[in-house]
Amino acid sequence: MNMKLYRTAGGLVMERQGNYYAIEDRSFDSLVADDDLHAYLLSRSDKQTPLTGFDEETCAAPIGSQEVWAAGVTYFRSRSARIEESKDAGGGDFYDRVYTAERPELFFKSMPHKVVGPRQPVRIRKDATWSVPEPELALLINPRAQIIGYTIGNDMSSRDIEGQNPLYLPQAKVYDQSCALGPCIAISEYPLLESTTIQMEILRTGQTAFAGATALTELKRNPEILVEYLFRDHTFPHGCFLLTGTGIVPPDAFTLQSKDEIRITIEGIGTLTNFVA
Ligand code: DO4
Ligand code: MG
């Protein structure tokens, strides 16, 4: 990754080769719609004087007016965990069928104003008994269906509710503070390497309660094809985000608790940290 774009309380900031540059005159939405964002940021940083300091702690969710969508059952681990959690409801067959089908599972996750950023609290539903974070690579896509950057997403999920009936998916997935994005948009001329790793650690009272890892080699779907399906007969005037699915599912005995700290790291992007409210 050769550049990063942050949204802070003081405005947009880009990073290139360890130097930070303020972008005061452009909105996040106008950058997403830019004809060539990578080239624009390169030429801008060539001409501009770097900032003297930058504190990643001041970052907000890197989003403007984009909707957030998600793909599901794109890793074998997600398929297996979901077959197991829904077996009493007879829903397991659907997960195997969507894992192998040509058409991917795509679902709406969040309006932009509901997305939480780094260090902001995510929530578990009050009526859920079995909740997990889903650490996912998130694609930033421009209105012309081009992938222009990457960030880290947390697709918080209520496993007991989805497991009761797959038709409850929107309730298991879409509720207040159920989607986190950040800390930045990583922008490169080239797609992320397949060897890129995704790691998650969940800390409870300072101790590791769960740790797991996967790599993009395990992602069954090509990101470009996921985007092609999402944009079929569907217009995104501000572009959109697409979470690409989870390959890390904690063991069945694990459920999140209030005050747990969730750390998701993707090579080349950074670490997204949130606490459970
Ligand atoms: O099929 C339900 C959702 C799957 C999902 O969110 C995932 O695999 O990450
Ligand atoms: Mg997910």
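**Close-up views of a predicted model**

**View 1. R16 sits in strand β2, which covers residues 11–16.** Keep in mind for this and every other view that the model is predicted. Is R16 buried or exposed? With a relative accessible area of 17%, R16 counts as buried, because the cut-off for that label is under 20%. Now look at what the R16 side chain touches. The side chains of R16 and D46 are joined by a polar contact of 3.0 Å. A polar atom of the R16 side chain also lies 3.4 Å from the backbone oxygen of L42.

**View 2. Ligand 1 sits in the largest cavity.** Here's the wider look at the ligand's surroundings. There are 16 residues around ligand 1, and V73, S78, E105, K173 and T246 come nearest. What is the make-up of that shell, counted as nonpolar, polar and charged? Seven of the shell residues are charged, five are nonpolar and four are polar. As for where they come from, β5 (67–72), α3 (76–85), β6 (105–110) and α6 (169–173) each supply at least two residues of the shell.

**View 3. Zooming in, oxygen atoms of ligand 1 pair up with K173, D155 and T246.** Start with the side chains: an N or O atom of the K173 side chain is 2.7 Å from a ligand oxygen, and for the side chain of D155 the distance is 3.0 Å. With T246 it's the backbone that takes part, through a polar atom 2.9 Å from an oxygen of ligand 1. How much of ligand 1 does the protein bury? On its own, ligand 1 would expose 280 Å², and the protein buries 99% of that.

**View 4. S188 is found in the loop between β11 (179–187) and β12 (197–204).** What does the side chain of S188 reach? It gets to the backbone nitrogen of Y190, at 3.0 Å.

**View 5. D252 belongs to the loop between β14 (240–243) and β15 (261–266).** D252 has a relative accessible area of 41%, so it is called partly exposed, a label for values between the 20% and 50% cut-offs. How far apart are the C-alpha atoms of D252 and C240? They are separated by 32 Å, with the two residues 12 apart along the chain.

Technical notes: Residues numbered from 1 in each chain as written. Chains lettered and ligands numbered in written order. Predicted model: local features only at pLDDT ≥ 70, side-chain atom pairs only at ≥ 80, totals over all residues. Heavy atoms only, no water. Near = heavy atom within 4 Å. Polar contact = N/O pair within 3.5 Å; in protein donor to acceptor, adjacent residues only side chain to side chain. Areas by Shrake-Rupley, 256 points an atom, 1.4 Å probe, with all protein chains shown as cover. 1 Å grid on protein atoms, 1.4 Å probe; cavity = no way out; pocket = protein on both sides within 12 Å on 5 of 7 lines; lining within 4 Å. Sits in = over half its atoms within 2 Å of the grid points. Helix = DSSP H or I, 4+ residues; strand = E, 2+ residues; numbered from the N terminus. Nonpolar A, V, L, I, M, F, W, Y, C, P; charged D, E, K, R; others polar. Buried < 20%, exposed > 50% of the residue type's maximum accessible area, 1.4 Å probe, protein only.
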